[in-house]
Amino acid sequence: ITMGHLLVKFDLFGERSETEMDGSRQSVLLEAYERLHGFSEHLAAAKGVADLLDRLLDDVMELVEAEKGFIFLAADGAAQTLAARNIHEDQVTSLQRDAWSDTIVQQVLESRQPVIISDAMNDIDFERSMSVMNLQIASVLCVPLIYRDQLLGVLYLGNKNIVSLFDEDTLSLAYVFAAQASLLIHGALALDELTADRDRLQAEIKDLRFGEIIGSSDCMKRIFNTIDR
């Protein structure tokens, strides 16, 4: 729009300037260390895994200025939501399926490689994706969660208002938090497996408690009580 000697240009998405990014990089790194220290204290306090994942997601989202954030568990080749956050809402634990790009998440699950997208709407690899077009995504960062070569899931961060939001420095930060998430998820899965094994063994022991002797009469109950003693 021309107004006198001024030309006013409107863009669909905002973009951070190089000066803004350079000036904030050191402060972001310092804040990242502080948040990791704080997270370690929460970890030592033995809170539940769900609470810890929510806290971790909140921290990394604020650091990288993501609008939405998700932690997905890789279940039979698909993504199962473990934690979800929208920085503009309080205590959001679950969001609609159309809140993220399943195309991008699936690519990271299959390739095990991180994806950084500066402008998804104009990215040649994703511009035709229905999820990208419907969401009008600008910036996306998606990192695999890997523990000892085992793919556990992905960390997904997105912003639909600012292009070129994420870079290699952001990826490095995301990897640090992703490593913490991987440890938590692996521990939770291992505990679930141990609990299931314990319950199964207890059931087997109960079934084999008196060998092949069966019976529910009063006489047999007295015999079982004698065996117990």
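Across which strands does helix 3 lie? In this predicted model, helix 3 lies across strand 4, strand 5, strand 6, strand 7 and strand 8, and runs at about 150 degrees to strand 8. The buried residues of helix 3, which comprises residues 102-111, are I104, V105, V108 and L109. These residues cover an arc of only 135 degrees around the axis, which puts them on the same side of helix 3. An α-helix has 3.6 residues a turn, so residues three or four places apart point the same way. Just after helix 3, R112 takes a positive phi of about 60 degrees.

The sheet itself is open and consists of five strands in the order 5-4-8-7-6, with antiparallel pairing. Strand 5 (78-86) and strand 6 (115-117) stand at the edges, and because each has a single partner strand, one side of each is left without a neighbour in the sheet. From one strand to the next, the twist averages 15 degrees. Strand 4 and strand 8 pair in the antiparallel sense over six bridges, and the bridge partner of F72 in strand 8 is V154.

Helix 2 lies across strand 4, strand 5 and strand 8, and its direction is at about 65 degrees to strand 5. At 1.5 Å a residue, the 16 residues of helix 2 (residues 49-64) should span 22 Å, which agrees with the 23 Å between its end C-alpha atoms. The buried residues in helix 2 include L52, L53, L56, L57, V60 and V64, and also D54 and D59. Helix 2 is followed by E65, whose phi is positive, near 65 degrees.

The largest nonpolar core holds 32 residues, of which L57, I71, L145, L155 and L157 touch the most other members. Two or more residues are given to this core by each of helix 1 (18-44), helix 2, strand 4 (68-75), strand 7, strand 8 (150-159) and helix 5 (168-207). When residues up to four places away in sequence are not counted, the contacts of I71 include L53, L56 and L57, together with L145, L155, A181 and I185. A second, separate core of 16 residues includes V108, C142, V154 and Y156.

With a relative accessible area of 0%, A138 is buried. A138 and L165 are 27 residues apart in sequence, while the distance between their C-alpha atoms is 8.5 Å.

Key:
Residues are numbered from 1 along each chain as its sequence is written. This is a predicted model: local features need pLDDT of at least 70, side-chain atom pairs count only at pLDDT 80 or more; totals for chains, interfaces and linings use all residues. Side-chain values use heavy atoms; hydrogens and water are left out. Helices (H or I, at least four residues) and strands (E, at least two) are DSSP runs, numbered from the N terminus. The expected span of a helix is 1.5 Å times one less than its number of residues. Buried means under 20% relative accessible area, exposed over 50%, partly exposed in between (1.4 Å probe, protein chains only). The arc is that of the directions from the helix axis to the C-beta atoms. A nonpolar core is a set of buried Ala, Val, Leu, Ile, Met, Phe, Trp, Tyr and Cys residues joined through side-chain atoms within 4.5 Å. Contact means heavy atoms within 4.5 Å. Two strands pair if DSSP finds at least two bridges between them. Axes are lines fitted to C-alpha atoms, for helices over the stretch in contact, and angles run from 0 to 180 degrees between N-to-C directions.
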